[in-house]
Amino acid sequence: MNPQDSIELIFNHRSIRKYQDRDIEQSILDKVLEAGTRASNTGNMQVYSVVVTRSAEMKEKLSPLHFNQPMIKQAPVVLTIAADVARFHHWCALNGAEKSYDNFLWFVCGCVDSMLFAQNLSIAAESYGLGLCYLGTTLYMAKEIAQVLDMPQGVVPITTITLGYPDEQPERSDRLPLQAIVHYEKYRKESDQDIRQLFNERDHSEQTRRLLQENNLPNLAQIFTQKRYPKKDNVSFSQKLLAFLKENGFMEN
């Protein structure tokens with residue numbers, strides 16, 4: 001693949017929520033997963049794991065934990081990616097090395113490694129013509145998902161990816177302009193006018209217009225704070241996740 005093809009692949013990413021009734025060959029899935037392992041990670045320790053779900057029985061168990069989003073049952077493969085210090089601790093114990101990674105820092109390292117793995121495999125999957133969707137519900141229901149998948153202490157689900165051959169071609173999601181994201185040399189503090197300009201295209205898109213009509217709200221920001229990610233849900237799920245991290249040993253030190 002030449003550089004232009006690689007860039008086009010990345011720029012054409014779409015979240016796919018409808019899949020063909022077509023299985024993914026194990027050889028292709030293995031290549032996709034192996035591509036994930038080639039991602040950069042903390043100290044080359046690879047403090048992450050992935051549980052591959054193919055069976056209808058296991059999808060049935062996972063579905064309500066993802067708020068019954070239909071792609072869990074429809075996708076031929078569901079990948080649950082987890083921060084995982086259990087494997088590394090086990091290896092340390094076998095070699096008389098101190099258990100040192102049961103703390104919040106290493107939960108964060110596991111999150112970073114998990115997402116690097118996830119994004120690498122996602123790009124590889126799309127290069128094979130597969131489509132995918134990340135599910136943010138994983139962190140909301142991390143404890144319950146870990147129980148269903150028999151994850152031991154030291155393993156926390158971070159994200160879930162549904163994977164399959166696309167049965168739809170949705171529009172690409174919009175993105176903020178590059179100048180909203182990139183800061184040279186030092187962080188650039190934005191004025192009110194700057195922020196309005198950076199969000200202007202998104203605030204006035206056709207999709208936003210439809211959302212405002214559907215939700216009877218005056219602007220997109222309030223759709224986020226009142227409908228998509230309201231504070232009461234944020235606080236509730238945050239407290240639930242923190243409690244699970246304590247049970248899992250990540251908040252002891």
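What is the volume of the largest pocket? The largest pocket holds about 1,700 Å³. The model shown in these views is predicted.

**View 1. The largest pocket and its lining.** The lining of this pocket is made by 43 residues. Nearest the pocket centre lie S15, R17, S173, D174 and R175. Several elements each give two or more residues to the lining: α1 (3-11), α6, β3 (131-135), α7, α11 (200-203), α12 (206-215) and α13 (220-228). Helix α12 gives the largest share, five residues. Sorted by class, the lining has 19 nonpolar, eleven polar and 13 charged residues.

**View 2. The second largest pocket.** This pocket contains about 190 Å³ of space. Which residues line the second largest pocket? They are L9, N12, H13, R14, I16, E126, G129, L130, G131, P166, E168 and Q169. Four residues of this lining are nonpolar, five are polar and three are charged.

**View 3. The largest cavity.** The count of cavities of 30 Å³ or more comes to one. The volume of the largest cavity is about 40 Å³. The cavity lining consists of L139, Y140, M141, A142, K143, E144, K240, L241 and F244. Three helices each supply at least two of the lining residues: α7 (137-140), α8 (142-148) and α14 (231-247). By class, the cavity lining has six nonpolar, no polar and three charged residues.

**View 4. L245 in helix α14.** Helix α14 is also the place of L245. Is L245 buried or exposed? L245 is buried, because its relative accessible area is 2%, and buried means under 20%. Along the chain, L245 and Q153 are 92 residues apart.

View 5. Helix α6 (residues 104-127) contributes the largest share, four residues. M251 sits in the segment after α14. M251 counts as partly exposed because its relative accessibility is 31%. The cut-offs behind this label are 20% for buried and 50% for exposed, with partly exposed in between.

**View 6. The salt bridge between D23 and R54.** The model's count of salt bridges comes to eleven. In one of them, the side chains of D23 and R54 meet at 2.8 Å, N to O. This pair links distant parts of the chain, 31 residues apart. D23 lies in the loop between α1 and α2 (26-37). R54 lies in the loop between β1 (48-53) and α3 (56-62). How exposed are the two partners? D23 has 51% relative accessibility, so D23 counts as exposed. R54, with a relative accessible area of 29%, is partly exposed.

**View 7. The salt bridge between E60 and K73.** The side chains of E60 and K73 form a salt bridge of 3.2 Å, N to O. E60 belongs to helix α3 and K73 to helix α4 (residues 71-74), so this pair ties together parts 13 residues apart in sequence. E60 counts as partly exposed, at 47% relative accessibility. K73 is also partly exposed, at 44%.

View 8. Helix α12, which gives five residues to the lining of the largest pocket, returns here. Where do E206 and R210 lie? Both lie in helix α12, four residues apart, or about one turn of the helix. E206 has 41% relative accessibility, so E206 counts as partly exposed. R210 is partly exposed too, with 37% relative accessibility. Which residues are linked in a network of salt bridges? The network is made of E206, R209 and R210.

Technical notes. Residues numbered from 1 in each chain as written. Predicted model: local features only at pLDDT ≥ 70, side-chain atom pairs only at ≥ 80, totals over all residues. Heavy atoms only, no water. 1 Å grid on protein atoms, 1.4 Å probe; cavity = no way out; pocket = protein on both sides within 12 Å on 5 of 7 lines; lining within 4 Å. Points joined across faces, edges and corners; volume = space filled by probe spheres on them. Nonpolar A, V, L, I, M, F, W, Y, C, P; charged D, E, K, R; others polar. Buried < 20%, exposed > 50% of the residue type's maximum accessible area, 1.4 Å probe, protein only. Salt bridge = Lys/Arg side-chain N within 4 Å of Asp/Glu carboxyl O.
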